[in-house]
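Try each one before reading on.

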Amino acid sequence: MKAIYTRKPLFTAACLLIFSFLGFAQTSEETPQQTEETMIASQGTVNIVQDEKLAKVLELKKQVNKNQGSRNIYRIQIYSGSLSGAQNAIKNFRKDFPNVSNMSDWDYPNYKVYVGSFRTSIEADKMLIEIRKKYPIAFKLKPKG
């Protein structure tokens, strides 16, 4: 009797092991179907739901990046001289280039007018070519920061 009881658990374990392998086996015909399902699933749409606070934080981060990046901004100087000359230079520049930002600064003993805000030297060089057509004394500079 003892021999039957010891064989029965071994036989049951062996049967379970064999049937488990057969139940989870894949054939080569099933592989393309799975690939197609994966492709169909990857072509779906994704909806992202985010809190409004996240959008505000991202906008603040953009502003901070702009302010920090101002140290590495190339500008073009178009004038250096008296206050009235600087005001005239700004006025005329706004007429000639309405889409380019400008600013003036007082650096003893002269007022200086800077225009543009360029992240790379190449961008500043391209604009400098256009500006020099009207302001031949203009030159590019990178402020110390």
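A contact here means heavy atoms within 4.5 Å. Keep in mind that this is a predicted model.

**Exercise 1.** Work out what share of the contacts between residues at least 6 apart in sequence join residues at least 24 apart.

*Solution.* Start with the layout: the protein has 5 helices and 4 strands, and from the N terminus they run α-α-α-β-α-β-β-α-β. Now take the contacts between residues at least 6 apart; 65% of them join residues at least 24 apart.

**Exercise 2.** Find out what percentage of the 145 residues is buried.

*Solution.* The cut-off for buried is under 20% relative accessible area. With that, 19% of the 145 residues count as buried. For the surface itself, expect about 12,200 Å², with 58% of that belonging to carbon and sulfur atoms.

**Exercise 3.** Locate the salt-bridge partner of Asp96 and say where both residues sit.

*Solution.* There are 4 salt bridges in the structure. In one of them Asp96 pairs with Lys134, with the closest N and O atoms 4.0 Å apart. Asp96 belongs to helix H4, while Lys134 lies in the loop between helix H5 and strand E4, 38 residues apart.

**Exercise 4.** Which residue does Lys140 meet in a salt bridge?

*Solution.* Lys140 meets Asp125, at 3.0 Å from N to O. This pair joins strand E4 to helix H5, 15 residues apart. Lys140 is partly exposed, with a relative accessible area of 27%, and Asp125 is partly exposed too, at 31%.

Terms used. Residues are numbered from 1 along each chain as its sequence is written. This is a predicted model: local features need pLDDT of at least 70, side-chain atom pairs count only at pLDDT 80 or more; totals for chains, interfaces and linings use all residues. Side-chain values use heavy atoms; hydrogens and water are left out. Helices (H or I, at least four residues) and strands (E, at least two) are DSSP runs, numbered from the N terminus. Buried means under 20% relative accessible area, exposed over 50%, partly exposed in between (1.4 Å probe, protein chains only). Accessible areas come from the Shrake-Rupley method with a 1.4 Å probe; for residues, only the protein chains shown count as cover. A salt bridge is a side-chain nitrogen of Lys or Arg within 4 Å of a carboxyl oxygen of Asp or Glu.
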